Amino acid sequence: MKVSYNWLQTYFEKPLPSPEKLAELLTLNVFEIEGIEKVDDDAVLDVKVLPDRAYYALSHEGVAREISLLTDLEKQPISATMRFDKYDDPLDPPSITVLEPELCQKYVGVRIENISVGKSPELISKKLETIGQRSINSIVDILNYVLFDMGQPLHAFDADKMKGSITVRKAKKGEKMTTLDGKDLTLEDWMLVVADDEGPLALAGIKGGNKAAVTESTKNIILEAANFNPALIRKTSNAVGIKNDSSKRFENAVPASFTGLGAHYASALIRDANEQARESLFQEVGVDFHENLDDYYVTFTVDYVQEILGMPISTSDIKRIIEKMGFTIHSEMKGTFRIYINPPYKDLLLLPRLVGEIGRIYGYEKIPATTLPKSTSKPKVNKIFYWTEKIKDILIEHGFSEVMTYSLQSKGEVELANALASDKGYLRANLERGIKESLELNARNADLLGLEQIKIFEIGRVFTKEKGEYPSFALGIKNIKKQKRKESEELQETIRKISEALGVQGLEGKLTENVFEANLDEYLESLPEPKPGELFKTTVGHKKYEPISSYPFAVRDIAVFVPENISEKEVEKIIIEKSGKLLVRKKLFDVFTKNQKTSYAFRLVFQSHEKTLTEDEINTVMKKITDEMNGGEGWQVR
Amino acid sequence: MTDSIDGQPGHLHPLSSAIREIDTIFTKLGFTIALGPELETEFYNFDALNIPADHPARDMQDTFWLKPAQGIKSKDRKVLRTHTSPVQIRYMEAHASTGKPMRIIVPGKVFRNEATDATHEAQFHQIEGLYVDKKVSLAQLKGTLETFFKEFFGQDVKLRFRPSFFPFVEPGVEVDIFFNNKWLEVMGAGLVHPNVFKAAGLDPVIWQGFAFGGGIDRLVMIKHGIPDVRLLYQGDLRLINQF
């Protein structure tokens, strides 16, 4: 939510900390500020309000309240009262009936006559524009201003376009409505509408209809402030695909105590802007709103607060914070508080939440780091984890590297209802496909990797119709250079070695040309319980990743005859010196001695992080190496 | 420049290495590994964790749903788990009758239905922790996580809590570490919400607990300087064989 720094300042007589300081204070103690943007002489803070605070904090007043809790600054209340003038010819507001009091706890309407709709005063339009809201007209802008100022969504109807009385009722199945912005809706019978005698005027809490839209020619309006059921608003707004600032606040349960203030506040602003206007209030209060105030008392001990936070916060600090939150301390005796929570903040009736609030206002940075009590027994080792890791160790010992591939694929047996992309619509039914793709990828890079054989494995969950979810195990080999054994033979040999190492037979699966895959479920179950306290080694430490170049690599071989007493190291030294950082891998692949001369053959791999190397560039490097070698006494590049 | 390595041992995936390190650190603190399914029911992934249907908290995690089978009741609808937290519920349910304190960590793959980029992937790994006892405090949570991060990243790592919200804990905090000269958000944590205990069959009057969870991928990326989460899932030995 975008919040204007200057707008926040209007709540305080004393100056606020700088925008950056304020952002840090809020981030550390209540909600994250995701950005600060300069707009003219103002700063706009992007406040990330999470669902637990959204009921009160999606407004400037809500953010101002937090500032007052975290500083010594005193926040001014919003004061707005209707004038309730006496008229010789009283207004005749429509009658209002709420047929669904469970879904509409409160409905406050104000009939306002003799207004003119035009451009907003700059005071309001500028504030709205600063936080990214378009100015529409003097009435709509006031409603938006109140919403962003104190959090109550409002709506206005053109009173002269309405017929008869107002009813808040369920829609009829198939009932039609066109929204203010021209979207045609077909309603369901569980949705809630605000209707006149002819039909829906608005989809309650979400969007007004175009029937009674306020326009430049509007003279008389009905101002609506209401409280609608959060789950209903959420469900409806999802169903019709309309999400806006109104639905967002309703679905986060804006308190019913905001309704009246919102109505008064907006009508006072409208009256201020329209000298000739006259107003009249009408309302209906649903059954649920008559709450039992006794339910708002909560009792807790200082010990409990200290125990949960794990720090020695004093009775007087607790008292100070509760008073700052604006709650009344009903009694305080021998370390036991009984306090009255103001109705909007009923979430704080849950003790751990109340303690959390006390803690974060006091300062989470004051919480010490303490240890857990000593555990009485050696922790049990998870059997599935243990044997899975054992298998990994055996495979690594035999030269296999572990890969992890994607669970979401274009083919499978279990389908997603809401795939991210058409090629990720299914859960994998096997690991084989991922292993094969990985073999291909790595085979292309074999020279770069310095491998004559690609040997990989994956252990991961797969999903089939018949067996559901189970742990699968796949290993694959691709020979780059001709090996003594075929891939399938080596795979079989490896499986045998695993069974041997674990001492349990029965690892059976499907063997294709170069991939073996098995269901590990039963095999793991058949293995014994591991001993408590067994751990697995790692060798990685704090090693830093070396970036992979996105440019192609090139391979060159070089063989040189040197006098018999010259070691491989001396040949290498020249290669390294003359190729610079373009050489990414070298491998001695052949050595033989003949007539007091030794031949060393190296395979060199070149690659740049900045560009594709040209033939010329590589040849230049090779020439430098060749020239240097041929300059040596008795050296001859073959 | 690297020398070639035929005949050498293979390489463990850096995520597996991280899970082993995490396991080693927490085993010393008395924790044991618990595991759970990647395909979860709506009940375990959401409802039991105090995330009711038609509540804005559901939007905090973009979810992959399975094509519904005929005649499935709402609470048995299947999702790809969006976090490892359902295993908290499964473990507590299974061990409620023992009447003993619990210490578990849960490594595992999770899924989010969101566009992928260098820091977001539709699949990633999480580590979850749960401690249940008669008296549990935020200070113990801080101490436990501080021990973990110092062991994992180095002894000069600092840690701080910021207020946050996760429906299954109360109070909830965001855990930041100070590493390489900046504060990094690495975990969510808090004290177990009474509704979570109730859903798992434990009496919240008797039991308290703390829970934490975070992305292992992110820890691995921070530790080794890996710039793109997607590199971890390409089956690419140019990455894996570096570790």
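## Basis of the model

This is a predicted model, in which local features need pLDDT of at least 70, side-chain atom pairs count only at pLDDT 80 or more, and totals for chains, interfaces and linings use all residues. Residues are numbered from 1 along each chain as its sequence is written, chains are lettered from A and ligands numbered from 1 in the order in which they are written, and side-chain values use heavy atoms, with hydrogens and water left out.

## The interface of chains A and B

In chain B, 105 residues are in contact with 97 residues of chain A. Contact means heavy atoms within 4.5 Å. The two chains bury about 8,700 Å² between them, and carbon and sulfur atoms give 58% of that area. Buried area is the accessible area (1.4 Å probe) that two parts lose on being put together, summed over both. On the chain B side, R20(B), P163(B) and R238(B) lose the most area to chain A, together 9% of what that side buries.

Seven salt bridges are counted between chain B and chain A. Each needs a side-chain nitrogen of Lys or Arg within 4 Å of a carboxyl oxygen of Asp or Glu. E32(A) and R162(B) form a salt bridge, with their closest N and O atoms 3.5 Å apart.

## R428(A)

R428(A) sits in the loop between strand 21 (426-427) and helix 14 (432-444) of chain A. Helices (H or I, at least four residues) and strands (E, at least two) are DSSP runs, numbered from the N terminus. R428(A) is buried, at 1% relative accessible area. Buried means under 20%, exposed over 50%, and partly exposed in between (1.4 Å probe, protein chains only).

The side chain of R428(A) makes a polar contact of 3.1 Å with that of E458(A). A polar atom of the R428(A) side chain also lies 3.0 Å from the backbone oxygen of R461(A). Beyond four places in sequence, the contacts of R428(A) include Y406(A), F463(A) and, from chain B, K109(B).

## K424(A)

K424(A) lies in the loop between strand 20 (414-415) and strand 21 of chain A. K424(A) is partly exposed, with a relative accessible area of 27%.

Along the chain, K424(A) and S410(A) are 14 residues apart, yet their C-alpha atoms are separated by 5.0 Å. Residues up to four places away aside, K424(A) touches L408(A), Q409(A), L416(A) and A419(A). Q409(A) is also among the contacts of R428(A).

How values were computed. Polar contact = N/O pair within 3.5 Å; in protein donor to acceptor, adjacent residues only side chain to side chain.
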